[in-house]
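Please go through the following briefing with the sequence and the model side by side. The points are grouped by topic, and each term is given its cut-offs where it comes up.

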Amino acid sequence: MYSLKLGPKSTIVVLTSPQIINDLLDKNSALTSDRPQIHFADRVTKGLNLTLSHYTETWKSLRRGAHELLTPQACRQHLAIQQAEATQLSYDLLANPEDFASSIRRYAISVMFSVLYGKRVPRFSSTSATEFYEMMEKWVNLLAPGAHPPVDMIPVLKFVPEGWARWKRICNEVRRLQKKLYFGLMGEVEGRMQADQENGCFLETIIKRQDEWGLNREMISYLGGVMIEGGADTTSAFLQSLLLLLTAHPEVQQKAKRELDEVVGNERMPILDDIERLPYIQAIILEASDNYYHSHTSISANYSAEFPPHSDGRYSWGVYNDPEIFTEPEKYNPDRFLGERGPELIKVMNLAFGSGRRSCPGIHLARNAVNINTMNLLWGFHFGKPLDSNGKEMEVDTFNYAVGVSYCPNPFKSNIKPRTPHHAELIKLQLNSFNDAFSQFEYLLDDVDKAHVKELRKKLEE
Ligand code: HEM
């Protein structure tokens, strides 16, 4: 653990010990559940962004709604569409293996849209996805460290007139885009409810129970939007990290496939419950989880001399890369979780979803997504190293990540092939069997998406 003093009022504390994290964020969470001051976020969302907002009564109402709708039981109800979309992802890798990154991103955003708004995203370039990503690019750039004047450190900058402060105009633009998108999606759900076309999505329940949770229309629309922000790119970054690591480690793939062949076999695709009987696959997931997780908390009262009020606490890499906890932490070695120290290491990896009151409310949905897709990908495909112009395998850099608000591998190549034609055939058959699961989420699609879905169904039936 160490701290950096960045001015009279700003201290960043970097936490690297699981014991201190537990003590600080779990046992003392009433004092450590705030977020640091982010003026741009307050200006854009007026305190309604669940992830970035201070520890306020508004945050508590938003969090209660999010929590109740993302319990393990509630997430079971979303399993059919998660499984269907995961099969669609496998099919997309068969059809267009070079474009795996877009296919993964489509998968992740489509599950979030379906679960939240009851409307899937059949193409990466579907209008809803494009609008979301356009908004997100501006939003993430606005929040990126160093991209704009340091208003939080020099608050007087808030008074610079808008004509001279480009960041103020960007804040206004992001606010406009967020409101247009999030209110628009909410309006679609309201319209569908009035037309008696409910499909059990998150926003329907929130709208019905808003009084109980103390939420108004603006809060609900932001809650939905923030859940897409929190759930889509995190899940897709995990799956891209996983693919990068698997591509670099054929020996891990081989071992995983042996386990899958014994437990699942070659006559069906995996289902979620299989994961319990696949300890090596579980270890692959745990070992891939240290690459990008972050927690970001703020200490709101005088906790101790090292943590003055409003100090800003962070942990991530330090914990998972401590050689006293993880032997050779830089090595991708799932077997470390299967040895004698496995249970102790698994406990540390559970920090990957945060600790205390600000920990990830989407953990169960995220784990289901990660489990289903890791099993599917290893069951159905081989991820080979890319080849150079002489047909020789190239090495893969597993530390080549984009650094920013989200942490995702930079574009990379993987030589993706189905394991056998039989595996490819089973993926197509399974996708065809999910027509009913998909159709409930296709009511609000535009004409281009509807035509795309129709053409795909026709192809699968040929
Ligand atoms: C693999 C996928 C995911 C990972 C790795 C992940 C990880 C995290 C982490 C580390 C935090 C911060 C915890 C802290 O500050 O202590 C967080 C917060 C959050 N996550 Fe996730 N998450 C994932 C998926 C999801 C999903 C699917 C949803 C929505 C359904 C979601 C919604 C949120 C929200 C709203 C917050 C902010 C909570 C708050 O500040 O009260 N996340 N997540």
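Gln-240 lies in helix H11, where helices (H or I, at least four residues) are DSSP runs numbered from the N terminus. This is a predicted model, in which local features need pLDDT of at least 70 and side-chain atom pairs count only at pLDDT 80 or more, whereas totals for chains, interfaces and linings use all residues. Residues are numbered from 1 along each chain as its sequence is written, and side-chain values use heavy atoms, with hydrogens and water left out.

- Gln-240 is buried, with a relative accessible area of 6%; buried means under 20% relative accessible area, exposed means over 50%, and partly exposed lies in between (1.4 Å probe, protein chains only).
- Not counting residues up to four places away in sequence, Gln-240 touches Ala-101, Ile-104, Arg-105, Cys-408, Pro-409 and Phe-412, a contact being heavy atoms within 4.5 Å.
- Helix H11 covers residues 217-248, and its 32 residues reach 47 Å from the first C-alpha to the last, close to the 46 Å expected at 1.5 Å a residue; the expected span is 1.5 Å times one less than the number of residues.
- H11 is mostly covered, with 27 of its 32 residues buried.
- At the start of H11, a side-chain oxygen of Asn-216 comes to within 3.2 Å of the backbone nitrogen of Glu-218.

- The axes of helix H7 (residues 127-143) and H11 come within 12 Å and cross at roughly 95°, which makes H7 roughly perpendicular to H11.
- Axes here are lines fitted to C-alpha atoms, for helices over the stretch in contact, with angles running from 0 to 180 degrees between N-to-C directions; angles under 35 degrees count as roughly parallel, over 145 as roughly antiparallel, 65 to 115 as roughly perpendicular and the rest as oblique.
- Where H7 and H11 meet, Phe-132, Tyr-133, Met-135, Met-136 and Trp-139 from H7 are set against Ile-228, Glu-229 and Asp-233 from H11.
- Helix H6 (residues 100-117) packs with H7 at an angle of about 100°, their axes being 11 Å apart, and H6 and H7 are therefore roughly perpendicular to each other.
- On the H6 side of that packing, Arg-105, Ile-109 and Phe-113 meet Ser-128, Ala-129, Phe-132 and Tyr-133 of H7.

- Helix H13 (residues 279-288) is largely enclosed by the rest of the structure, because 8 of its 10 residues are buried.
- Those buried residues are Tyr-280, Ile-281, Ala-283, Ile-284, Ile-285, Leu-286, Glu-287 and Ala-288, and what covers them includes H11, helix H12 (250-263), H15 and H16.
- Ile-281, which lies in H13, is buried at a relative accessible area of 0%.
- Leaving aside neighbours within four places in sequence, Ile-281 is in contact with Ala-256, Glu-259, Leu-260, Ile-275, Thr-374, Met-375 and Leu-378.
- Ile-281 and Phe-113 are 168 residues apart in sequence and 28 Å apart in space, C-alpha to C-alpha.

**The iron site and helix H16**

- Cys-360, through its SG atom at 2.3 Å, is the only protein donor of the iron atom of the ligand; donors are N, O and S atoms within 2.8 Å of the metal (3.2 Å for Na, K and Ca), and water is not among the atoms, so sites may look incomplete.
- Cys-360 is placed in the loop between helix H15 (342-349) and helix H16 (363-380).
- Asn-376 is in helix H16, and at 0% relative accessibility Asn-376 counts as buried.
- Apart from its neighbours within four places in sequence, Asn-376 is in contact with Ala-86, Thr-87, Ser-90, Met-269, Pro-270 and Phe-381.

**Loop residues**

- Asp-196 lies in the loop between helix H8 (166-194) and helix H9 (202-208), has a positive phi of about 60° although it is not a glycine, and counts as exposed at 68% relative accessibility.
- H8, which Asp-196 comes just after, has 29 residues and reaches 42 Å from its first C-alpha to its last, close to the 42 Å expected at 1.5 Å a residue.
- Lys-46, in the loop between helix H2 (39-45) and helix H3 (57-68), also has a positive phi, near 50°, in a residue other than glycine.
- Thr-327 is found in the loop between helix H14 (317-320) and H15, and is exposed, with a relative accessible area of 55%.
- Not counting residues up to four places away in sequence, Thr-327 touches Arg-336 and Arg-341.

Note on methods. Helix = DSSP H or I, 4+ residues; strand = E, 2+ residues; numbered from the N terminus. Polar contact = N/O pair within 3.5 Å; in protein donor to acceptor, adjacent residues only side chain to side chain.
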